[in-house]
Amino acid sequence: MKWIASLLLVCMVLGAQQGSALVSEARPGIVYRDQVMFLDKKLVTAGSVAWVTLAYNDPRASRDCSNVIDVFNGRSLFAQIPEKSWVLVDFALRSLVIQAGFAGDADVSRVVLCADERSCRDMQGKSRESTQKEQPQVVPPADLEEASQRMSLGRQLIKAARCRGCHVVEGFGAKHAPSLTWRRAKYQPGWLMAYLSKPYRLRPAMTSLMMLRYTSPLAQPSLQPEELVLVADFLQRSAWFSPPAGRFRMEPWETYSCQPCHARLYAERPLRFAPTPVPTAARAELKKYGAAQSCLACHAFGDMQTAASWSGPPYPYPMAPDLLLALEKLRLDYFVDYLRDPTYLQPGSAMPRLDFTEAQIQQIKAWGGEVQRLIREDVLQPLHRYYQMQKRP
């Protein structure tokens, strides 16, 4: 519990400041047992627990800091526990952000419901059988050191590759391309590494910009496969929402911009959009999900639409991603949360909040699950259009 007290002190100090600090790189995988927590938010959809937020205090009371942890794995353990309850929790901390309080995400392995906060604290250390003399398990120091080194190397490679010339990383950078300040909830396992190895066109109307292939020998720098592993690992672990004080103060990312040159090169030799063929049987099956068809007013889905049949804005709608490629990329729960409130998950998103009913959301979720199943079984084979951008005389 000492680290919590320390963080509360940091919280009081940082609450009056603009900066923030990341400590997740120093604490990956640490297991905490018998933590007294308050089940602040629980979202249940289609009979399963979709979201759990745990707080260290009852947020309804007056507090200067908001100290919370979102549950990533282990949400099902909260199925029978009412919202606004006190619980004892075992969890492995995965990331932590200090910013007027602290917030992070964790994998929960055990939950015990308490009558109130006092009974929870009375049960601490006594909720297991007396024969079990378990000690808090932590990642061995060598592993922590290795994780910290990997984070540091990944950050250096992000800087060397000038990713902030187009992307927001750890809360700051240019905004020509999507923000990369995400926690692990967004991407399908392995997708990020594969995409960094061979970036492909995601959006049908992408006419001014394309992700570079950094593994090309002509790229500057040319990243090796093992370096891409470090970059992908860093982006999955990173949990910064804004830049830490001092660490990047001298990084001159504001003095360069990748967009004008890349846009010129791409305009000279644009990449034609080639939609993924959707087999007749799969096409008929996917059309059974009526709510999902409304998405096709703005989005392409493989070759299920043509310019002649397009019923929405000018075909295809600028920057709206092909949903087949999007569902190959995204976790289904992230996709559904994005549908509910796009700008909450991605500030500045051009997609409006459409106020789907819960029944429509569940139908679109079922459709997305069917698309992902067809991709896994190779019935749908997403077509990737690769592009090697390089300087030309």
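This is a predicted model: local features need pLDDT of at least 70, side-chain atom pairs count only at pLDDT 80 or more; totals for chains, interfaces and linings use all residues.
View 1. Strands here are DSSP runs of E with at least two residues, helices are runs of H or I with at least four, and both are numbered from the N terminus. Two strands pair if DSSP finds at least two bridges between them. Strand 2 (residues 31-45) runs antiparallel to strand 3 (residues 48-55), with seven bridges joining the two. Look for Lys42, which stands opposite Val52 in strand 3. The hairpin of strand 2 and strand 3 has two residues between the strands, and Ala46 there takes a positive phi near 55°. Strand 3 also pairs with strand 4 (residues 68-71), again in the antiparallel sense, over three bridges. In that pairing, Ala55 faces Val68 as its opposite number in strand 4.

**View 2. The surroundings of Val71.** Val71 has a relative accessible area of 3%, so it is buried (buried means under 20% relative accessible area, exposed over 50%, partly exposed in between, with a 1.4 Å probe and protein chains only). Leaving aside neighbours within four places in sequence, Val71 is in contact with Val52, Leu54, Phe78, Ala106 and Val108 (contact means heavy atoms within 4.5 Å). Thr53 is 18 residues from Val71 in sequence, and their C-alpha atoms are 6.2 Å apart.

View 3. Side chains of opposite charge can pair when their charged atoms come close. A salt bridge here is a side-chain nitrogen of Lys or Arg within 4 Å of a carboxyl oxygen of Asp or Glu, and a search of the whole structure turns up 16 of them. In this one, Arg110 meets Asp90 at 3.7 Å, N to O. Arg110 belongs to strand 6 (residues 102-114) and Asp90 to strand 5 (residues 86-98), so the pair ties together parts that are 20 residues apart in sequence. Both Arg110 and Asp90 are buried.

View 4. Glu117 and Arg121 join side chains at 3.0 Å, N to O. They are four residues apart in helix 2 (residues 117-123), which means a separation of about one helical turn. Glu117 is partly exposed at 30% relative accessibility, and Arg121 is partly exposed at 35%. Elsewhere, Lys288 and Glu285 meet at 3.1 Å, N to O. Lys288 is exposed, with a relative accessible area of 60%, whereas Glu285 is partly exposed at 27%. As for shared partners, salt bridges join Arg33, Asp34, Asp90 and Arg110 into one network.

**View 5. Helix 10 against helix 12.** Helix 10 (residues 332-340) packs on helix 12 (residues 358-376) at an angle of about 145°, with the axes 10 Å apart. Axes are lines fitted to C-alpha atoms over the stretch in contact, and angles run from 0 to 180 degrees between N-to-C directions. From helix 10, the residues involved include Leu332, Phe335 and Val336, and among those they meet in helix 12 are Ile361, Ile364 and Trp367.

Technical notes. Residues are numbered from 1 along each chain as its sequence is written. Side-chain values use heavy atoms; hydrogens and water are left out.
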